[in-house]
Amino acid sequence: MSLTDTAPAVLVLADGTTFTGRSYGAVGTTLGEAIFTTGMTGYQEVLTDPSCTRQIVVHSSPHIGNTGANDEDFESERYWCAGLVVREPSRVVSSWRATRSLEDDLVANDIVGIQGVDTRALVCRLRTVGVMNAGIFSGESAHAPLEQLISQVTDQPSMKGLSLIDGVTTEKAYSVGPADYGYDNIEETYRVAVLDLGVKAATLRQLAMRGIRLEVLPANTSLQTIVELDPDGVFYSNGPGDPATADEQVATLRKLLTKRIPFFGICFGHQLFGRALGFDTYKLPFGHRGPNQPVMEEATGKTLITTQNHGFAVDAPRGQAQPAPEAAYGAVKVSYYSLNDQVVEGLTACDLPAFSVQFHPEAAAGPHDSHPLFDHFTELMDAYRATR
């Protein structure tokens, strides 16, 4: 489909900046926080990640959709993004794995998008001013007065202070193991309670391939229910929204830490681990999103190339291990930090079997530098089981 065959569209930022283009995907109106990601591919994994709830995803790479879409690369059961902004969608799908185009999925999932945008200028704007609320208006809505469109955009709540995990977590607990992912020859060795804050399919797969039976639980699951499962470990997943709003999950984690059950947290789970230890969290100007984020491992000086997708961070001091603000949990150290802006990318409790990372070691679309973190989790569980 050519640009002339599509409806007019406009992207409006909260500061009044506008970008005109043509519709891509569903035609209509969508509102959310405009964020940008730097991957050239892996777009299907990004758009189906529950962490993208209420976010309009801007792709900095100029060509998106080249490898089409399929049923294997979903990170959840649906598309979660609020909207999509691209410069030039691929006219041809070129992958033996593709069963349809990306636009087919956007239309089927009612995702409003815009194409023909100068995404380089847009990303520069978001990097300079910071990510902000935005709206995509296509078809008839694109012709409304600009003042009216800006009003719709600015009337949205800010992502800061917004709680979103209740809308993405599983409604009912469920159990999956290695065999459910095709690993019939892997013996089930461990049992892990997974608090679903917006968990990705690739995360569950990486855990399962290490012989873990996963008890996936709703975000509001009580401490008692978790303990009654008698897990070898507890995992807090990624998820959307402001970690400062997740008081219930932080309170549960604090009690779990006193029981010395091995803990692993990723992304949102990392931020909640930081809060449980007594650190504050804060909103980043434009976040880290994409599969090319360099991270330094403090212990070894080794650089990992990681995939990230977050707009908040933990405010913890780098350097030597020191007592956690919540003194009952002993000493804690920053284990990883970003080489781009020195943001904290990992925490390790020195006196407890607990750690977390801000980045995504499952990295379904790559890179795979940090896969060994899942093995470290099983090592902590081995030590825990030996003492039971």
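I started with helix α8, residues 268–277, which is mostly covered: ten of its ten residues are buried. Buried means under 20% relative accessible area, exposed over 50%, partly exposed in between (1.4 Å probe, protein chains only). Helices (H or I, at least four residues) and strands (E, at least two) are DSSP runs, numbered from the N terminus. After α8 comes G278, with a positive phi near 110 degrees.

I noted the ground rules. This is a predicted model, where local features need pLDDT of at least 70, side-chain atom pairs count only at pLDDT 80 or more, and totals for chains, interfaces and linings use all residues. Residues are numbered from 1 along each chain as its sequence is written, and side-chain values use heavy atoms, with hydrogens and water left out.

Next I looked up aromatic pairs and found nine. Rings of Phe, Tyr and Trp (its six-membered ring) pair if their centres lie within 6.5 Å; planes under 30 degrees apart count as stacked, over 60 as edge-to-face and the rest as tilted. F235 and F264 pair edge-to-face, 5.5 Å centre to centre with 75 degrees between the planes. This pair links distant parts of the chain, F235 in strand β13 (residues 233–236) and F264 in strand β14 (residues 263–266), 29 residues apart. F235 is buried at 0% relative accessible area. F264 also counts as buried, at 0%.

I then checked F263 and F273: their ring centres are 5.2 Å apart and the planes lie at 35 degrees, so the pair is tilted. It joins strand β14 to helix α8, ten residues apart. Both F263 and F273 are buried.
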